[in-house]
Amino acid sequence: MESRPVRLGWLSLLVTVVILCLATLSVLSLSTAQADWAQAQKQALQTESVYALERDGQQWLAALDAALGAAHDETSLDTLLPPDTVRTGSRVCTLQKGADGRSLSIAAELTADGGYRVVQWSQSAEWAGEEEPPALFGTLFGAMD
Amino acid sequence: MHKSRRGAAFYVETILLVLFLLLSLTVLARMLGTARQLSREARQLSCAVRIAQDAAEQLAASDSREDFAVLLGARQTEDGTLARAYNAEGAPAADAIPAAYTLLCRLEETAQPHGVLLTAYFTVCNDSEALYELETQKYFCAQPGK
Amino acid sequence: MKIRKETWMHMYPLLLFAMIVLSLLFLMCAGTEVYSAAVEGQAYNRQARAALSYLAARVHAADNAGAVSIGAGPEGDALVLRERAGDDVYETRIYLYEGALREEYGPADLPLRPESAERIAALERFFLGEERPGLLTAATEYGEIHIALRCEKEAADDA
């Protein structure tokens, strides 16, 4: 009696479909995880730049305190103030700039006893702006006007 | 002869299909493993950044080095580093419980003409590696309330 | 003996493919779990960043003497950031409303309008406190953070 070999066509097809689904799932998982990781990295870098500016600000405070302690009058105070410091009456201000478009604006009120009181300490980041659209879309929008 | 040729073709096809399947399974399993690893690392990094930033804010609000240690709720290690344990959600944990994250804080004082500039080096670790490092400073005026 | 050998020769490829199909199904289950975990983790991290980091960034940007305070929102606490433009005082109010952290900007003397506030992130819990003067705490289901105010508070009457 002739024995027939087992036909594998349908099984191979099924397995191929399953492999394709699995491949899609794997790619989606990997891309999702990579995007999450990239966002976490970005947040980590932003935090580092925030506190780099904080260090600049605290160093400015130390320099301001040193200048106030060494100054005898307003004229000598102006020469002793830290760089990039603007004095308007009893108010001194500075704008510390960070590497990635961040800035720290500090303002302090000079007190009668030769000290200071911080009245502004605000960090902000410049809006990077939207990226230029690809030429194709630019052309399309231009044609629609 | 005809039957044996058909049988041989069947086995060759089987072997090739099995090889293709094994290769696919290996690649896909590796991709899934990488995705799982990346996802875990992203979660850990986000948590570590939050812990370090929280500690930096507590330093900014403290009045002195000792006040910061109290505010942080940290214990001092043998080499003078401050250490604080955190659970998997990034909340402070009791020292007795195995910690998911540990915050290590090394402090350096730099004398200034009228005060002290304290530099804090924060390192957030898990069991095996340092996840995130952050450096910040706080100036303490010698005359408080000045 | 010959019949058993033939039966085995027929069963062998079926067994082999059954093993492979089972391993594929197992990998499919594992892959589904990994994918859902990756998506959930990304969503959690995104919401946590949107809520906690956003709060810290807004306070840091608005840190002026007496400008930051805790008020009352429609469903609990509200973070109030005050700014002066000439003689007018404006407030940015951040609070919880209908399952989301929302932000509203307007003149300080106007009441809250939660329906028209901008949605920041999905949130179920939002509590504000002051651990000590100059150190705010914000508690959400994503965790608790501290936000330090670098400015002195004595000039609150200037705001």
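Modeller: Happy to. In chain C, strand β7 (residues 135-140) and strand β8 (residues 143-148) run antiparallel and are joined by 6 bridges. Strands here are DSSP runs of E with at least two residues, helices are runs of H or I with at least four, and both are numbered from the N terminus. Two strands pair if DSSP finds at least two bridges between them.
Modeller: This is a predicted model, so to speak of local features we need pLDDT of at least 70, and side-chain atom pairs count only at pLDDT 80 or more, while totals for chains, interfaces and linings use all residues. Residues are numbered from 1 along each chain as its sequence is written, and chains are lettered from A and ligands numbered from 1 in the order in which they are written.

Biologist: Which residue of β8(C) is the bridge partner of T137(C)?
Modeller: That is H146(C). The two strands, β7(C) and β8(C), form a hairpin with 2 residues between them.

Biologist: New topic: how many residues of chain A are in contact with chain B?
Modeller: 30 residues of chain A contact 35 of chain B, counting C-beta atoms, placed from the backbone, within 7 Å. Helix α1 (residues 9-70) of chain A gives the most to chain A's side, with 27 residues.

Biologist: What does V116(B) touch?
Modeller: Leaving out residues up to four places away in sequence, V116(B) touches E109(B), A111(B) and F140(B).

Technical notes:
Contact = placed C-beta atoms within 7 Å.
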